Amino acid sequence: MSEEKLKQPVSESHRVTTSGDIEVGTYLEIAKEIAGQQSVSAKEAVPETEREAIIVIDFGSQYSMLIARRVRECHVYCELVAHDTPWEKIAPLNPKGFILSGGPASVYEPGAPLAPAYIYEKHLPVLGICYGMQVITHQLGGRVTRGNKQEYGHAVLHLGAADSPLFADLSQSSPVWMSHGDSIDELPPGFTALAYTENTPVAVMGSKNGIFGFQFHPEVAHTPEGKTILRNFVYKVCGCKGNWTMGSFVNDSLAKIRGQVCGGKVISALSGGVDSSVVAILIHRAIGDQLTCIFVNNGLLRREEVERTFNVFRLNMGMNIVYVDASERFLSRLKGVIDPEQKRKAIGEEFIRVFEEEANKIGQVDFLAQGTLYPDVIESISSVSKASAKIKTHHNVGGLPARMTLKLLEPLRFLFKDEVRQVGLALGLPEEMVWRQPFPGPGLAIRIIGEVNKEKLEILRSADFIVMNEIKKAKLYRQLWQSFAILTDVKSVGVMGDYRTYGYLVAIRAVTSEDAMTADWARLPYDLLARISNRIVNEVPGVNRVVYDITSKPPSTIEWE
């Protein structure tokens, strides 16, 4: 698409429900509103002396991320670090306490990961969860053995010491979620049992010096009073004040960006989604014209994505933005590629090469800004915990090439999606933009099973447009985390107009979630699914069958690839 066409005013014909979350014309009005917003009040900045954090030591649990989320919901900053992270990297966060996560290992096995010595030497409060509790027991002189009875799923916790600060505002008996095969056979010296379940005599233990252990998982939704327990630990045991807000995050980020960039130049990968939009606005607030946004049309975008993004950020917000049509280049790179991991890596590497080339045209550029989020990092690599398993590579994390000439600038790297949305609101973005459904960086390439080509892209764009249109007409868009179409590599026999057809199968995916780490399939009304199916098979050439994905995450991921 030519730049001349992009500069043309948006016509009234574009004021329709598109594959985005609001009308293209409405985006222009919103952009003017954003451009006039001022920075978050400096009063919300947290003084250096009052900063506080809870550090989660990760031993590889699939729930580790949820621990950090629950603590942050208490307005206390929390960061997840590997179990072998040195104190020097943690000290600047001014930790007020530690939480040791669960994990798949057994502490009595050779080479099992253990807590670093400073966990106990710093005399800060410590809370061990599941494997973390067993680590504390093992390292402080107790004994952990293989339990006679394994305990997975629902259990009832009975308090034995209701005067503990951990149990403030808790019921005497409450449901909890267990997931363990090992048990505490002998408590460490100085510890007492504080609660029990039917199968676990030591379900909670504690000492007078502020070290506690839970055999259950307070961070999961299946433990209804778990958030209260964690809040008690954070406030009543660690003494946190709860001064971490998105407003304070914005002001801290502005200062960090200025300090990191200094007089350097930054290019930002702009896609039009909430993540890259928040990054662009945040960095622009910090350094102004030192930022140049690069919008790459990789040929893998939805309908009207290019026009909408260009109009908002360049024509109506006054930001430097370079448009690059690299659609043929990306399609050529994806030719013959079927494996999802190879797709992601090829797209991630090609993005970087395009950005480097554009940076050379601009002149001296030092940084590449990206909208990388915390779940992207955790799902992609085991850098946070060597004990955890890689789920899939995100194109902007594990998909990056080994050798890069640009330094990365990722101000949202330690935020969850809902926190990014809160930052967007703090920056003044209207809700219509903030609540746009996530769209993957590799675009439609990972919603096409098998090789990607122009024909398949057009089929998928048309089907996806119908899904979005009907979801919005049903007023369900904001209730869903994501809703989209997938073009499978399956063909099936059909009958249209008394003739045999052999067409593609399109799958519909709609999920509800808080942060994309877990998700449940959405119970869409049957009549809505019927309308979507009917429109797709009648309006999209080459498709004669539609199915609905009713699998949750886990065991599936939200995207099919």
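Where is Pro 555 found? Pro 555 sits in the segment after β18. The model is a predicted one, in which local features need pLDDT of at least 70 and side-chain atom pairs count only at pLDDT 80 or more, while totals for chains, interfaces and linings use all residues. Residues are numbered from 1 along each chain as its sequence is written, and side-chain values use heavy atoms, with hydrogens and water left out.

Back to the prolines. A cis peptide bond links Pro 554 to Pro 555, with omega at about 10°. Pro 554 also takes part in a cis peptide bond with Lys 553, and here omega is about -15°. Pro 554, too, belongs to the segment after β18 (543–548). Strands such as this are DSSP runs of E, at least two residues, and helices are runs of H or I, at least four residues; both are numbered from the N terminus.

Next come the backbone angles. Cys 262 is not a glycine, yet its phi is positive, near 50°. Cys 262 lies in the loop that runs between α8 (246–261) and β10 (266–269).

Is Glu 304 buried or exposed? Glu 304 has a relative accessible area of 18%, so this residue is buried.

Note on methods: Buried < 20%, exposed > 50% of the residue type's maximum accessible area, 1.4 Å probe, protein only.
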